[in-house]
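This report describes a protein chain from its overall build down to selected strands, turns and backbone angles. Please look over the sequence and the structure before reading on.

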Amino acid sequence: MDHSTHHPTDHPTDHHSVNAAEFPRQFARTRRFSLGAPRHFTVSPDGHRILFVRTGSGTDPVGRLWQYADGAEHLLADPALLVGDGPAAVPEEERLRRERARERSVGVVSYATDTAARLVAFTLSGALWAVRTDGGAPFSVPAAGPVVDPRPSPDGRHIAYVSRRCLHVVEPAGADRQLARAEGPEISYGLAEYTAAESMGRPGGYWWAPDSRRLLVARVDTSPVARRYLSDPADPAQPPRVIRYPAAGTANAEVTLQLLSLEGERTEVTWDRQAYEYLVDAGWDAHGPLIAVQSRDQRTLRTLAVDPATGATEVLHERTDPAWVEIVPGTPARTASGALVLPEDAGDTRYLTVDGRRVTPDGLQLREVLGVEGERVLFTASEDPTQTHVWRHDPGLGNRRLTRDPGVYGGTSRGGTAVLAGLTPRGAEVRVARDTGADTGPGDPAPYGAIASHAEEPLVAPRPRHLTLGERELRGALYLPSWYEEGAGPLPVLLDPYGGPSMQLAVRARGWFACVSQWFAEQGFAVLVVDGRGTPGRGPAWEKAILGDQLGPALADQVDALHAAAERFPDLDLTRVAIRGWSFGGFLAAAAVLHRPDVFHAAVAGAPPTDQRLYDTHWKERFLGHPKERPENYARSSLAGHGHLLRRPLLLVHGLADDNVAVAHTLRFSAELLAAGRPHTVLPLPGATHMPADDRVNENLLRFQRDFLLDALRERAAKG
């Protein structure tokens, strides 16, 4: 068979190929098309005003604070008119928070408001700023030091913030008091520990009482947690950065809760911390403080009510699961009447429950609770795993889907106004709806308005063919070159998965990942993206099929999907198959060429977790158990120990400053490959974290991967 056809230089030079050539630069300078898209929405109690953050254009990285009212936008805070903002000026805690949130902009990147959405607090270069939404210019608020996570009190009279690991409260006019002082360098008040921020989805560490007189505050002691030292070999004059990282099987930070009054009174919250060491979430509503705690083995999650007078706790609900209890964002919550809002896994459905009663039907998979207003519950759920829609449950009226067009949606609602923000096949869209009782969706012209997105249109337009593949009905998307005519000849295949928990790529939405897959298709590949077992959206049994083995099912699903796609599309050349991915996707790509060289002929593995024992406690023990109790699960699910199996070209890419998947994963695995005499390529990225931020690196990294894979497959074709 002649494999010399259908390479990048073989098709005519037209606008498709010109756009494809410029795409990597656009992808990098738009920060994956995130710049210019509105986000972080807050609706006022009356529903008439919406606050949000948006940068000035699709290439402008500076976030600005906006207010939308009566169909018009009003600029509230522009950092260019206030102070400069640069990453060097940001305090360490805030820098880490931004990295963990995968923040790609500067300026106003987040904010918080009082209950009335009249006072807004935010930071610029570590300084505290505020603005009133009913008029007036932004003003600086004197603070004790570099500010992290400022939040106004519900009544707007105070702003709490963290500085140098201590919790402060300041009046907008300037009177500052320190409520909690860190007793040592390993202690912090009001900040989330690593596992909470990175693995549980809890970014904050303190919560205001509704009466604005007290706060519920997390105290974190990281002294039991092992140290890691991150250095930049490209700058040997700089000392290493010390971080506390709880690797699987090792000690976690000690997290306690305290009730602090503005007058300095302190009451400790008590629960069985030995049995339930994870603080999953917390909040304070009209019924009092509410917390969720989880056991180390993650098989039990309790919802506890806190007595604000004594700190004593009472068990309101307990969820158990023989595999693990999945954390659903936005839960637990309570309605105005005090009814608990919780998820429930039963059979193969994740239900929404209110006051212990299931309120969603079989097969509708709960994804997130977006908010509770009165007795109404706003949530997202999936009927089809390739789509996520916004729903509202209203007692007596049942459930109503607020979004119609295909896509992946989120949003918020208050005062009869819903903000519906989603990725659709057209890209990012934000619709504003007033509740008229009509059954309308974001595709309908009324009663919706829209908040404009300034994100750039991709130079490469994704053209996915959504597929259901094989006996497990795997959801996939196939991207073919725009210039290719079916039946004209074989195309090399590139699998482009993530394939792990918490993320889907084969969805009906134009995300950055779809644009990248189409760009690789324009280079001459048939690109296949598949979400296999362990990915969200298909129910508890599907998610938990990877218990004890994060590799076997995930890899088998990629192989099965490839063969099923090739049966339907004969142009897919199974003698030239490559695979690429990042993070879990990188792990999956490297595993593919190790364990299935009969199927996969080249791989690019970006930031791959090669040794699961090096990853963090909460995330890894969820799927594999404690390494001392289940060492076989870690051996089965790691690349380490299997390097001698490599027979195919493999490119390993890793940021040297990665504090999520440490570069030790790649360096140790590379050493193992070298010791076994297995040729491979390593591309180190100096100064890069888990998601490289340098535009030049991100631009050329796409081209480097393309060239590596094409060269590897050409060499294979030449050998016959």
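## Helix α4 and what follows

Which residue with a positive phi follows α4? The residue is G524, and its phi is near 115°. Helix α4 covers residues 512–522 and is mostly covered, with ten of its eleven residues buried. Here buried means under 20% relative accessible area, exposed means over 50%, and partly exposed lies in between, with a 1.4 Å probe and protein chains only. Among the buried residues of α4 are F513, C515, V516, W519 and F520; Q518 and E522 are also buried.

## Basis of the model

The model is predicted: local features need pLDDT of at least 70, side-chain atom pairs count only at pLDDT 80 or more, and totals for chains, interfaces and linings use all residues. Residues are numbered from 1 along each chain as its sequence is written, and side-chain values use heavy atoms, with hydrogens and water left out.

## Overall build

The protein chain has eleven helices and 44 strands. Helices (H or I, at least four residues) and strands (E, at least two) are DSSP runs, numbered from the N terminus. The C-alpha atoms fill a box of roughly 80 × 60 × 55 Å along the principal axes. For 720 residues, a compact globule would have a radius of gyration near 27 Å, and the 25 Å of the protein chain agrees with this. That radius is taken over C-alpha atoms, and the globule rule is 2.2 Å times the number of residues to the power 0.38.

Of the 720 residues, 58% count as buried. The protein chain exposes about 27,600 Å², of which carbon and sulfur atoms supply 50%; accessible areas come from the Shrake-Rupley method with a 1.4 Å probe, and for residues only the protein chains shown count as cover. Among contacts (heavy atoms within 4.5 Å) between residues at least 6 apart in sequence, 61% join residues at least 24 apart. The mean positions of the 79 positive and 90 negative charges are 2 Å apart. Lys and Arg count as positive and Asp and Glu as negative, while His and the chain ends are not counted; the place of a charge is NZ of Lys, CZ of Arg, CG of Asp or CD of Glu.

## The sheet β6 to β9

Four strands form an open sheet in the order β6-β7-β8-β9, with antiparallel pairing. Its edge strands are β6 (112–113) and β9, each of which pairs on one side only. Two strands count as paired if DSSP finds at least two bridges between them.

Strands β7 (residues 119–124) and β8 (residues 127–132) are joined by six bridges, and L119 stands opposite R132. They form a hairpin with two residues between them, and S125 in the turn has a positive phi of about 55°. Two bridges join β8 to β9 (residues 139–140), where W129 stands opposite S140. This second hairpin has six residues between its strands, and G135 in the turn has a positive phi of about 130°.

## The sheet β25 to β28

Another open sheet of four strands has the order β25-β26-β27-β28, again with antiparallel pairing. β25 and β28 stand at the edges with a single partner strand each, so one side of each has no neighbour in the sheet. Strand β26 (residues 340–346) pairs with β27 over six bridges, and V341 has V354 in β27 as its bridge partner.

The loop between β27 (349–354) and β28 (357–358) holds D355. This residue is not a glycine, yet its phi is positive, at about 55°. D355 is exposed, with a relative accessible area of 61%.

## Other backbone features

Most residues other than glycine have a negative phi, and most peptide bonds are trans. R31 has a positive phi near 50° and is found in the loop between α1 (15–29) and β1 (39–43). At 23% relative accessibility, R31 counts as partly exposed.

A cis peptide bond joins T331 and P332, with omega about 0°. P332 is in the loop between β24 (313–320) and β25 (333–334).
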